[in-house]
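This briefing goes through a protein model by topic. Please have the sequence and coordinates open while reading.

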Amino acid sequence: MPEQEKVITATLIRSGLDDNLAYANLQLPASQNELRDALERARVTGDQPYQVVECFDSQGEYIEFIPGNPSLAELNFLAQRISSLGEPERLAFASRAAAEKTPDMKKLINITYNLKDIISVPGISNDRDLGRFYADNDMVDELQDVPDKALKFLDYEKIGREYREAEKGEFINGSYMLNHNLDFEEVYDGVH
């Protein structure tokens with residue numbers, strides 16, 4: 001079986017050490033042996049407490065939406081789910097996860113199962129681009145009877161902002177992401 005792409009780097013720190021900082025970086029998804037090795041490098045044995053203190057994506061960017069001190073097992077499972085996604089689905093996941101105010105790991109994992117109705121329009125990274133896209137594709141009803149030569153006077157940024165706010169869309173990694181998934185299915189219950 002081919003190895004899954006590593007999509008998250010997590011830093012584990014053993015809790016309760018006074019002067020000696022013990023930590024380990026771990027790339028996820030990881031095998032059980034890799035998880036055990038990281039815990040050993042952080043000098044975590046038995047039931048000693050440890051924390052996952054920070055997570056970075058494969059480009060080295062800090063991942064904002066991961067909750068504080070997530071379960072290592074759930075974080076690894078999330079990484080497995082993300083690793084199995086194609087690039088459009090990863091962008092959709094990032095958009096949906098960023099839209100959540102304070103997601104827990106259960107919610108993030110379930111988002112990976114609910115990406116079917118998220119629309120990604122590449123090459124649109126701001127309100128002006130979005131407004132032009134909507135106007136150029138005859139998606140603004142109010143502009144149907146406006147002569148083409150008058151379109152140059154439009155405030156595309158305002159049009160784009162109004163559509164983005166109404167649709168609750170977001171600009172993620174040079175794409176406009178729109179979530180129309182109204183039937184959120186809870187596949188992961190926090191255990192299974």
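Helices (H or I, at least four residues) and strands (E, at least two) are DSSP runs, numbered from the N terminus. The model is predicted: local features need pLDDT of at least 70, side-chain atom pairs count only at pLDDT 80 or more, and totals for chains, interfaces and linings use all residues. Residues are numbered from 1 along each chain as its sequence is written, and side-chain values use heavy atoms, with hydrogens and water left out.

**Backbone and loops**

- Most residues other than glycine have a negative phi, and most peptide bonds are trans.
- N69 is in the loop between β3 (50–57) and α2, and its phi is positive, near 45°, although the residue is not a glycine.
- N69 is partly exposed at 39% relative accessibility, where buried means under 20% relative accessible area, exposed over 50%, and partly exposed in between (1.4 Å probe, protein chains only).
- K168 is another residue other than glycine with a positive phi, of about 60°; it belongs to the loop between α6 and β5 and is exposed at 70% relative accessibility.
- The peptide bond between L28 and P29 is cis, with omega about 5°; P29 belongs to the loop between β2 (23–28) and α1 (32–41).
- A22, in the loop between β1 (8–14) and β2, is buried with a relative accessible area of 3%.
- Between the C-alpha atoms of A22 and L39 there are 9.7 Å, with the two residues 17 apart along the chain.

**Sheet β4-β6-β5**

- Strands of a sheet pair through backbone hydrogen bonds, either parallel or antiparallel.
- Three strands form an open sheet in the order β4-β6-β5, with antiparallel pairing; two strands pair if DSSP finds at least two bridges between them.
- The edges are β4 (118–122) and β5 (170–172), each of which pairs on one side only.
- From one strand to the next, the twist averages 30°; axes are lines fitted to C-alpha atoms, for helices over the stretch in contact, and angles run from 0 to 180 degrees between N-to-C directions.
- Three bridges join β5 and β6 in the antiparallel sense, and E170 has M177 in β6 as its bridge partner.

**Helix α3**

- Helix α3 (residues 87–99) lies across β4, β5 and β6 and runs at about 130° to β5.
- The 13 residues of α3 should span 18 Å at 1.5 Å a residue, and the end C-alpha atoms are 18 Å apart, so the two agree; the expected span is 1.5 Å times one less than the number of residues.
- Residues R90, L91, A92, F93, A94, S95, R96 and A97 of α3 are buried.
- The cover over these buried residues includes α2, α4 (105–111), β4, β5 and β6, with contact meaning heavy atoms within 4.5 Å.

**S83 in helix α2**

- S83 is part of helix α2 and is buried, with a relative accessible area of 12%.

**Aromatic rings and a charge**

- Rings of Phe, Tyr and Trp (its six-membered ring) pair if their centres lie within 6.5 Å; planes under 30 degrees apart count as stacked, over 60 as edge-to-face and the rest as tilted.
- The model has six aromatic pairs by this rule.
- F77 and Y188 make a tilted pair, because their ring centres are 5.7 Å apart and their planes are at 50°.
- F77 lies in helix α2 (residues 72–83) and Y188 in the segment after β6 (175–179), so this pair ties together parts 111 residues apart in sequence.
- F77 is partly exposed, with a relative accessible area of 26%, whereas Y188 is buried at 7% relative accessibility.
- Y134 and Y163 form a stacked pair, with 4.4 Å centre to centre and 25° between the planes.
- That pair links helix α5 (residues 127–136), which holds Y134, to helix α6 (residues 156–167), which holds Y163, across 29 residues.
- Y134 is buried at 6% relative accessibility, while Y163 is partly exposed with a relative accessible area of 23%.
- F133, Y134 and Y163 are linked into a cluster by ring pairs.
- R81 has its charged end over the ring of Y113, 3.7 Å from the ring centre; the rule requires NZ of Lys or CZ of Arg within 6 Å of the ring centre and within 35 degrees of the ring normal.
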